[in-house]
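Student: I would like to learn how to read a model of a complex, feature by feature. Please give the general idea each time, and then the case at hand.

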Amino acid sequence: MSPATPAQVRQWSEEVAADPASLAFLPLARAYREQGRRDAALKLVVRGLEKHPGHVEAHHLLGLLYREGGESLKAFDEWDIALALDPEHGPSRREMGLVCWERGDFAAAVRHLEKALENDAFDREVRAALEDAWSRRSAPPGLAAEPAPVPPAETSAQAAPEAAAVSAALPSAAAAPSGRGGSHFDAVEGEFGALGAERGIVGAVLLDDQGFVLAGRVTVGGTDRGPEVAAVLSGASAEAGRALAHLGLGAWKGILVETPEAVVRMTPAGDGIVLVAGRREVPTGWVLRVAARARDAALRFLGGGGGA
Amino acid sequence: MSAYRELLERVNRITGVRGAMVVAVEDGLIVEEDLMVGVPGPAAAALVASLFRRARRSVQAAEFGSASYLQVEGGEGLLFAAAPPQLGDLLLVVIAERWVNVGLVRLEAQKVVEALG
């Protein structure tokens, strides 16, 4: 694809200015990305998706922009949405495959990369990653930890390690960007610990906007599952926000998930997210009340010097 | 009238409900819908199904079992997605105003789904 001319950029810009719902936001955002204006492109695509939440190409582009900003979890989410909207979308399939390969999820990588290769049989980066994933998908876990290097391509996935993997691998105290080691952290850690010990509550965690655990834990069977839950569910906030915006239902205020064993509540708290899990034996309303208290504790922490 | 259509109509009788759909979990496609004018069904179905799949992955990662219900609250309204065993790999999706009686929606959804089984 040839670079956009200044005249084209001007025309698209005028179209978007005249009509915020114009689809010209997409070529304009692409042009900004080519010019290295990532932030401008990002804002444009996010605004465009508020008007067109089912736009597959926009989700794909947003994924690329997130990845270039080092936000690999958000990038993964966008390509996941793009594929949910259009399972045949080759570019998103490609990026998902490369991310899965980088994470060491070789079975998923093979599934995505095989389809991506059908779309472009001459994609060297995809072919190399696929061959590596083929050879490793049935290897013992210890041998399958580090993907082999792949020749870089124009759109090489240089994403940071998946937040879940990083968060799970690090001791919980090492995952927070700031606010650790002082009284703010001690206070919020203590409050989340106390909330997690409430009747029927499995755990309570405070997450940052990248899905990293800042405080608390969710202990299941003696293991802290907070990082795993957080990594998957934190991306849901952006997705929920777009779904709500598209339906004219306002900004997201909370998500509730129920299973036969548990009730999980997630609410925004400043630029963080609070997650509380309770056993199904306790009423849902009780879990919601504990989550509201956790949110208050999180806001005190984030407002009192604990924010990033 | 299909059994699904009847289910949706009963849920839609609740004050504050703007519409309901039966949606395939895996691909987000609408199987049956009964929505108020202006509610964009296909995009909503795709996005809610995607959210539900994510929620399912999350609770499975925590060994909490399989997600059976998802509720997303916005400043101006609510989205519900229920996955009762009677619907197999389908979701009952409800779009409602913020002030809707959540308990009533859940109760009615449960009653009509049980009637299906």
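Student: Which pattern does chain B follow, read along the sequence?

Tutor: Helices (H or I, at least four residues) and strands (E, at least two) are DSSP runs, numbered from the N terminus. Read that way, chain B follows the pattern α-β-β-α-β-β-β-α, with three helices and five strands. Chain A has 13 helices and six strands.

Student: What should I know about the numbering and the origin of the model?

Tutor: Residues are numbered from 1 along each chain as its sequence is written, and chains are lettered from A and ligands numbered from 1 in the order in which they are written. This is a predicted model, in which local features need pLDDT of at least 70 and side-chain atom pairs count only at pLDDT 80 or more, while totals for chains, interfaces and linings use all residues.

Student: What are the confidence values for chain B and for the complex?

Tutor: pLDDT is the predictor's confidence in each residue, from 0 to 100. Chain B averages a pLDDT of 87, and 97% of its residues score at least 70. For the complex, the predictor gives an ipTM of 0.91 and a pTM of 0.60.

Student: How many residues of chain B are in contact with chain A?

Tutor: Two residues are in contact if their C-beta atoms, placed from the backbone, lie within 7 Å. By that rule, 37 residues of chain B are in contact with 40 residues of chain A. On the chain B side, the elements that give two or more residues are α2 (41–61), β3 (69–74) and β4 (77–82). Of these, α2(B) gives the most, with 15 residues. By class, the chain B side has 21 nonpolar, ten polar and six charged residues. Here Ala, Val, Leu, Ile, Met, Phe, Trp, Tyr, Cys and Pro count as nonpolar, Asp, Glu, Lys and Arg as charged, and the others, Gly among them, as polar.

Student: What is the order of the strands in the sheet of eleven strands?

Tutor: Strands of a sheet pair through backbone hydrogen bonds, either parallel or antiparallel. Two strands count as paired if DSSP finds at least two bridges between them. The open sheet here has the order β3(A)-β2(A)-β1(A)-β6(A)-β5(A)-β4(A)-β3(B)-β4(B)-β5(B)-β1(B)-β2(B), with antiparallel pairing. β3 (223–224) of chain A and β2 (30–35) of chain B stand at the edges, each with a single partner strand, so one side of each is left without a neighbour in the sheet.

Student: Over how many bridges do β4(A) and β3(B) pair?

Tutor: Strand β4 (residues 252–258) of chain A and β3(B) pair in the antiparallel sense over six bridges.

Student: Which strands are joined to β1(B)?

Tutor: Seven bridges join β1(B) to β5(B), and the two run antiparallel; Met21(B) stands opposite Val93(B) there. Five bridges join β1(B) to β2(B), also antiparallel, and Val23(B) stands opposite Ile30(B). β1(B) and β2(B) form a hairpin with five residues between them, and Gly28(B) in the turn has a positive phi of about 70°.

Student: Is β1(B) largely enclosed or left open by the rest of the structure?

Tutor: A residue is buried if 20 or more other C-beta atoms lie within 10 Å of its own, exposed if 12 or fewer, and partly exposed in between; C-beta atoms are placed from the backbone. Seven of the eight residues of β1(B) are buried, so β1(B) is largely enclosed by the rest of the structure. Buried residues make up 46% of the 117 residues in chain B, and of the 308 residues of chain A, 51% count as buried.

Student: Where does α12(A) lie?

Tutor: For angles, axes are lines fitted to C-alpha atoms, for helices over the stretch in contact, and angles run from 0 to 180 degrees between N-to-C directions. α12(A) lies across β4, β5 (262–269) and β6 (272–279) of chain A together with β3 and β4 of chain B, running at about 115° to β4(A). Eight of the eleven residues of α12(A) (residues 236–246) are buried, so this helix is largely enclosed by the rest of the structure. Gly248(A), which follows α12(A), has a positive phi, near 70°.
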